[in-house]
Amino acid sequence: KLSKKLRSKKKYVPRLQYPLDGMWKLLWNNEQGIPQIGGIAVSNNEFQQGPYLFNLIFKDPTTPTFKWPLDPVHATARMGVNLKKKPLGPKIGRQIVWET
């Protein structure tokens, strides 16, 4: 049985079918260079930010990507995930570095 260890009331929760599913903490700098913090819930290789739905793309499992809706901008994983080497995705607490 696959599971993810969480820091919550439950010691373990079932691992979802998709390798990047789960709760993710986001860290980035805004246009003024000020650090920002947020979070997303990824489910079935998708996450929602405001009214927009983002889909994770695994055409190349060594560098997953996603695209901004209504915009040609793509983000590509540059570090922290390689589904050829680790098909179940990164461990809890690991970082993925995305680049646009």
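Threonine 65 counts as buried, with a relative accessibility of 16%; the cut-off for buried is under 20%. The residue belongs to strand 7, and in this predicted model strand 7 (residues 65-67) is where confidence is highest, at a mean pLDDT of 94. Beyond its neighbours within four places in sequence, threonine 65 is in contact with Asn55, Leu56, Ile57, Ala75, Thr76 and Trp98.

**Overall make-up**

- Along the sequence the pattern reads β-β-β-β-β-β-β-β-β.
- The protein has 100 residues, of which 23% count as buried.
- Taking contacts between residues at least 6 apart in sequence, 22% join residues at least 24 apart.

**Confidence**

- The protein has a mean pLDDT of 84, with 83% of its residues at 70 or more.
- Strand 1 (residues 3-5) has the lowest confidence, at a mean of 46.
- Over residues 1-6 pLDDT stays under 50, and the model gives this stretch 20 contacts beyond four places in sequence.

- Five strands form an open sheet in the order 5-6-7-8-9, and their pairing is antiparallel.
- The edges are taken by strand 5 (46-49) and strand 9 (97-99); each has a single partner strand, so one side of each lacks a neighbour in the sheet.
- On average, neighbouring strands of this sheet are turned by 30° against each other, direction ignored.
- Strand 5 is joined to strand 6 (residues 52-57) by four bridges, and the two run antiparallel.
- Phenylalanine 47 has phenylalanine 54 of strand 6 as its bridge partner.

- Strand 3 (residues 22-29) and strand 4 (residues 35-42) run antiparallel, joined by eight bridges.
- One of the facing pairs sets leucine 27 opposite isoleucine 37 of strand 4.
- Five residues lie between the two strands of this hairpin, where glycine 33 takes a positive phi near 85°.
- Strand 3 is hardly covered, since zero of its eight residues count as buried.

**Loop residues**

- Aspartate 21 sits in the loop between strand 2 (12-14) and strand 3.
- With a relative accessible area of 3%, aspartate 21 is buried.
- A polar atom of the aspartate 21 side chain lies 3.0 Å from the backbone nitrogen of asparagine 44.
- Asparagine 45 lies in the loop between strand 4 and strand 5, and its phi is near 65°, a positive value in a residue other than glycine.
- Asparagine 45 counts as buried, at 14% relative accessibility.
- Leucine 70 occupies the loop between strand 7 and strand 8 (74-79), and its phi, near 60°, is also positive in a residue other than glycine.
- Leucine 70 counts as exposed, because its relative accessibility of 79% is over the 50% cut-off.

Key:
Residues numbered from 1 in each chain as written. Predicted model: local features only at pLDDT ≥ 70, side-chain atom pairs only at ≥ 80, totals over all residues. Heavy atoms only, no water. pLDDT = per-residue confidence, 0-100. Contact = heavy atoms within 4.5 Å. Buried < 20%, exposed > 50% of the residue type's maximum accessible area, 1.4 Å probe, protein only. Pairing = 2+ DSSP bridges. Polar contact = N/O pair within 3.5 Å; in protein donor to acceptor, adjacent residues only side chain to side chain. Axes fitted to C-alpha atoms, helices over the stretch in contact; angles between N-to-C directions.
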